Amino acid sequence: MKEYLIERQKMVDKALDTFLPKSTAKPKTIHKAMRYSIFAGGKRLRPILCLAAAECCGGKPDAAVPLACAVECIHTYSLIHDDLPCMDDDDLRRGMPTSHKVFGEAVAVLAGDALLTFAFELVSQVPDWPRHSLRELVRELAVASGSRNLIAGQVVDLESEGKKVSVPLLRFIHESKTAALLSSSIRLGAMSGNATPAQLQNLSNFGRALGLAFQVIDDILDVTQTSETLGKSAGKDITAGKATYPSVVGLERSREIARTLTQEAHASLKPLGGKAEILHGLADHLLAREY
């Protein structure tokens with residue numbers, strides 16, 4: 001699994017370097033800012049899941065690369081905006097100063113905007129597949145990153161700071177803010193592999209369970225790891241009064257929930273047989289991660 005992750009990470013990084021405007025393109029400031037955040041050391045989890053889902057459905061990773069890179073652009077844009085003083089106000093991301101600390105708030109906002117729009121430019125480069133049209137692919141990414149999912153989660157997350165939050169509302173925040181885009185990454189990869197309706201449904205179920213498990217684990221790591229290990233400010237959620245699984249149900253119950261969700265993710269892959277071996281491995285890897 002380690003070798004697979006390293007290989008696919010290099011593949012995605014190379015593609016992003018090729019796709020993104022060079023830092024010398026005018027105006028240089030915005031392109032430097034876009035590249036700064038993209039290449040600040042991300043794990044490339046979402047694009048790797050996109051590529052793995054494509055392979056699971058018999059597709060070629062190369063065909064899914066523009067979609068994988070589009071998802072990473074959306075994810076990075078969301079992190080740039082999430083770190084802004086008006087949002088979560090963080091100075092550290094991926095072990096480096098956040099975009100607004102380096103380029104100022106105005107350019108950071110614009111860098112996020114630019115990555116968001118560039119993602120759809122990347123999606124436009126892929127062809128229609130027999131079962132999945134370009135229109136379907138564009139809509140998939142738009143819905144996942146829009147006001148009913150990613151942005152919805154961010155809004156409710158901000159509105160819930162310092163308040164007592166129910167488990168259903170906490171789940172809504174995490175499913176919207178994190179799981180929706182992660183699940184969409186998997187669905188886009190499956191579509192590029194010309195997934196059958198049954199394959200797409202199974203992988204959608206896998207993505208939803210895995211995406212929520214990922215965020216629960218993130219919540220756990222925020223209170224159990226150091227800033228140096230995480231590459232971002234540890235304990236920030238508690239300080240800000242954020243709604244997290246440890247703060248709502250406790251640390252041990254959070255660990256149980258993460259394990260149960262990972263088991264659900266594995267169960268969703270059962271109909272796919274041996275083709276899903278890499279996805280099984282990725283699910284176990286995420287459960288055991290320390291950053």
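Buried means under 20% relative accessible area, exposed means over 50%, and partly exposed is in between, using a 1.4 Å probe and protein chains only. This is a predicted model, in which local features need pLDDT of at least 70, side-chain atom pairs count only at pLDDT 80 or more, and totals for chains, interfaces and linings use all residues. Residues are numbered from 1 along each chain as its sequence is written, and side-chain values use heavy atoms, leaving out hydrogens and water.

View A. Rings of Phe, Tyr and Trp (its six-membered ring) pair if their centres lie within 6.5 Å; planes under 30 degrees apart are stacked, over 60 edge-to-face, and the rest tilted. Tyr-36 and Phe-103 have ring centres 5.6 Å apart and planes at 75°, so they meet edge-to-face. Phe-103 is partly exposed at 24% relative accessible area, while Tyr-36 is buried at 19%.

**View B. Here is helix α15, residues 277–288.** Helices are DSSP runs (H or I, at least four residues), numbered from the N terminus. The twelve residues of α15 reach 17 Å from first C-alpha to last, close to the 16 Å expected at 1.5 Å a residue, a span counted as 1.5 Å times one less than the number of residues. Its buried residues are Leu-279, Gly-281, Leu-282, Ala-283 and Leu-286. They pack against α1, α3, α10 and α14, with contact meaning heavy atoms within 4.5 Å.

**View C. A search of the whole structure finds zero disulfides.** A disulfide would need two cysteine sulfur atoms within 2.5 Å. For Cys-50, the nearest cysteine sulfur, that of Cys-69, is 9.0 Å away. Cys-50 is buried, at 0% relative accessibility.

Key. Helices (H or I, at least four residues) and strands (E, at least two) are DSSP runs, numbered from the N terminus.
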